[in-house]
Amino acid sequence: MDETKQCVACRMDIRADATKCPHCRERQQGAEPMHRGGPGRVVAGVCTALARLLGLEVALVRVAFVLALVVTGGTALGFYLLLWLLTPPSALGRAPIQRVMSWAGRVASTPVEEPRMERRV
């Protein structure tokens, strides 16, 4: 018999390894956060992350993205880049935008030393 657990939102029995409830689509506790890493990554891993999050086949998400590129005249590429900026490369990693903001904070908070000038009298 398969192991089951209860959904945190609707209290229905679901598989123990489920990350989302098939009944109410609520994300379960202990589920991995959205990230671009893992098998099936081709370009930047955004389609893989979306497929994992939505529970779809990666090929289907890629075809939908290509169709969106054609229909929107390339505007969907901006959405892809935005998702890349906001999604970490691994479950424990930090998103590129978080790394840039962290770097900018470190650079801005370092004291700037005044250049030393010698006075010759």
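Q: Before we start, how are helices and strands defined here?
A: Both are DSSP runs, numbered from the N terminus: helices are H or I with at least four residues, and strands are E with at least two.

Q: Thanks! In what order do the elements of the protein chain run from the N terminus on?
A: The order is β-β-α-α-α-α, which gives the chain four helices and two strands.

Q: What kind of model is this, and what are the ground rules?
A: This is a predicted model: local features need pLDDT of at least 70, side-chain atom pairs count only at pLDDT 80 or more, and totals for chains, interfaces and linings use all residues. Residues are numbered from 1 along each chain as its sequence is written, and side-chain values use heavy atoms, with hydrogens and water left out.

Q: Good. How many of the residues count as buried?
A: Of the 121 residues in the protein chain, 21% are buried. Buried means under 20% relative accessible area, exposed is over 50%, and partly exposed is in between (1.4 Å probe, protein chains only).

Q: And the accessible surface of the protein chain, what does that come to?
A: About 9400 Å², with 62% belonging to carbon and sulfur atoms. Areas come from the Shrake-Rupley method with a 1.4 Å probe, and for residues only the protein chains shown count as cover.

Q: Is Cys7 buried or exposed?
A: Cys7 is buried, at a relative accessible area of 0%, while Cys24 is partly exposed at 33%.

Q: Which residues make the nonpolar surface patch?
A: Leu82, Trp84, Leu85, Leu86, Ile97 and Met101 make a patch of about 540 Å². Patch residues have over 30% relative accessible area and no salt bridge; like charges are joined within 9 Å, and nonpolar side chains (Val, Leu, Ile, Met, Phe, Trp, Tyr) within 5 Å. A salt bridge is a side-chain nitrogen of Lys or Arg within 4 Å of a carboxyl oxygen of Asp or Glu.

Q: Which element gives the largest share of the nonpolar patch?
A: H3, with four residues. Leu82 lies in that helix, H3, and counts as partly exposed at 46% relative accessibility.

Q: Last one: which residues does the UniProt annotation "transmembrane region" cover?
A: Residues 63-86, according to an unreviewed UniProt entry. UniProt positions are given in the numbering used here, feature names are shortened, and annotations may be inferred rather than shown by experiment. In the model, residues 63-86 are 88% helix and 0% strand, with end C-alpha atoms 22 Å apart.
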